[in-house]
Amino acid sequence: MATTNRSEGEIRPFRIEVPQAALDDLGERLARTRWPAEPEGIGWSRGVPVGYLRELAEYWRTAYDWRRQEARLNQLPQFTTTVDGVNLHFLHVRSPEPEATPLLLIHGWPGSVVEFQELIGPLTDPRAHGGDPADAFHVVVPSIPGHGFSGPLAETGWNHGRIAGAFVELMARLGYDRYGTQGGDIGAFEAPLVGRLAPDQVIGVHVNALVTFPSGDPAELADLTEAEQQRMARMRHFQDEMMGYSHIQGTRPQTLAYALTDSPAGQLAWIVEKFKEWTDPAAELPTDAVDRDHLLTNVSIYWFTATAGSAANLYYETYHDPSMFAPRERGTVPTGVAVSLTQDVAIRKLAEREHNVVHWSEFDRGGHFAAMEAPEFLVGDVRAFFRTLRAG
């Protein structure tokens, strides 16, 4: 699935070509899945229900068409280049509008470049999607090192700061000396870091699914609005009841890797759980919030690239990176924040402590995976934010 030439600086065309033997192996493994028992009546309270996962796994095995999704992804120009010793995979879709603004899009976990698949057309060619051609972007979408076609990693030390540095180098290598960046989840950590590393190149940072951490000063939380109090309660609930995955990935990613790399049903459950817990609560099931094939394409990329453990290692790096949550100077790059009213925990005055927030928007449909759940909103908000920067 990757080229053999690894010379630093060279940009190499790339196509996804999963061997048929890998597809056959996936089907055989799914057919041989040994399913666990579960207590009656627990629903989703202790994890993914057996009945739901069996049904989704059977669809993956018998009806989902990887080749169709692979061909669709291969319609997008893809490349690899070696940055800091890593084979970095990325989509690079140039707009037909010559004055388009370069835009770096950074996915999250458990995501991939698939997250942005529905955004690329409207962002690069607004004229063809009922928009203003002045809002056009040249789009660059890297697979985060250790994830998907940028993995697995052969060495430790790839924390968020190092990844952000690789992305700055990628944009320079593509000839972009002025650009914006957008990201959610992991991307909401890394996009601001890109801005901090290259403040003279980055015109603006747009994030969704941003996490804002209290400093510990009680006065900071004394006058929260009712909505902000709900977000703090949501964060406490997450820390108390929903962080099992994070503790495992942050402390023992290699042990986890054996299960997820050997069992496609295990890999499916590990990711599907997040699409249940983090999507809009109005959706009863993960596949009500996100298209089933879209979700399975994302899972399939983790499976075929065997990057479950490599991706989990980023949590280990984060847990063991003293600089990650240390006090730092406030960022100077103009920043826009999009907040899901159903799932996010971001509080504006906490965000403003670290970021130069000039744009704040809230959306009531969709949750953590905004690019997949509410692509129209996210496209519109990215356009609106960067429109003000272009005008300035």
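**Strands, fold and salt bridges**

In this predicted model, strand β8 (residues 334–340) and strand β9 run parallel and are joined by 7 bridges. Between them, the chain crosses from β8 through helix α14 (residues 348–354) to β9, in a β-α-β crossover that is right-handed. The notes below take up these strands again, then the whole protein, its salt bridges and a patch on its surface.

**The strand pair**
- Within the pairing, G336 is the residue that stands opposite H359 in β9.
- Strand β9 (residues 356–363) is mostly covered, since 6 of its 8 residues count as buried.

**The protein as a whole**
- The protein has 16 helices and 9 strands, and its radius of gyration is 20 Å, close to the 21 Å that the globule rule gives for 392 residues, so it is as compact as a globular protein of that length.
- The C-alpha trace spans about 60 × 55 × 45 Å along the principal axes of the protein.
- Of the 392 residues, 56% count as buried.

**Salt bridges**
- The structure holds 20 salt bridges, and D25, R29 and D262 are linked in a network of such contacts.
- In helix α2 (residues 50–62), R61 and E58 are 3 residues apart and therefore separated by about one helical turn, and their side chains meet in a salt bridge (2.9 Å, N to O).
- Both partners of that pair count as partly exposed, R61 at 37% relative accessibility and E58 at 38%.
- A salt bridge also joins the side chains of E97 and R127 (2.9 Å, N to O); E97 lies in the loop between β3 (86–93) and β4 (101–106) and R127 in the loop between α4 (117–124) and β5 (137–142), so the pair ties together parts that are 30 residues apart in sequence.
- E97 is buried, with a relative accessible area of 13%, whereas R127 counts as exposed at 53%.
- The side chains of R365 and E376 meet in a salt bridge of 3.5 Å, N to O, which links R365 in the loop between β9 and α15 (370–373) with E376 in helix α16 (residues 375–391), 11 residues apart.
- R365 is partly exposed, with a relative accessible area of 48%, while E376 is exposed, with 58%.

**A nonpolar surface patch**
- V211, F213 and F325 form a nonpolar patch on the surface, and together they have about 250 Å² of accessible area.
- F213 is placed in the loop between β7 (202–208) and α7 (226–241), and it is partly exposed, with a relative accessible area of 34%.

Note on methods:
Residues are numbered from 1 along each chain as its sequence is written. This is a predicted model: local features need pLDDT of at least 70, side-chain atom pairs count only at pLDDT 80 or more; totals for chains, interfaces and linings use all residues. Side-chain values use heavy atoms; hydrogens and water are left out. Patches are made of residues with over 30% relative accessible area and no salt bridge: like charges are joined within 9 Å, nonpolar side chains (Val, Leu, Ile, Met, Phe, Trp, Tyr) within 5 Å. Accessible areas come from the Shrake-Rupley method with a 1.4 Å probe; for residues, only the protein chains shown count as cover. A salt bridge is a side-chain nitrogen of Lys or Arg within 4 Å of a carboxyl oxygen of Asp or Glu. Helices (H or I, at least four residues) and strands (E, at least two) are DSSP runs, numbered from the N terminus. Buried means under 20% relative accessible area, exposed over 50%, partly exposed in between (1.4 Å probe, protein chains only). Two strands pair if DSSP finds at least two bridges between them. A crossover is right-handed if, with the strands pointing away from the viewer, the path from the first strand over the helix to the second runs clockwise. The radius of gyration is taken over C-alpha atoms; the globule rule is 2.2 Å times the number of residues to the power 0.38.
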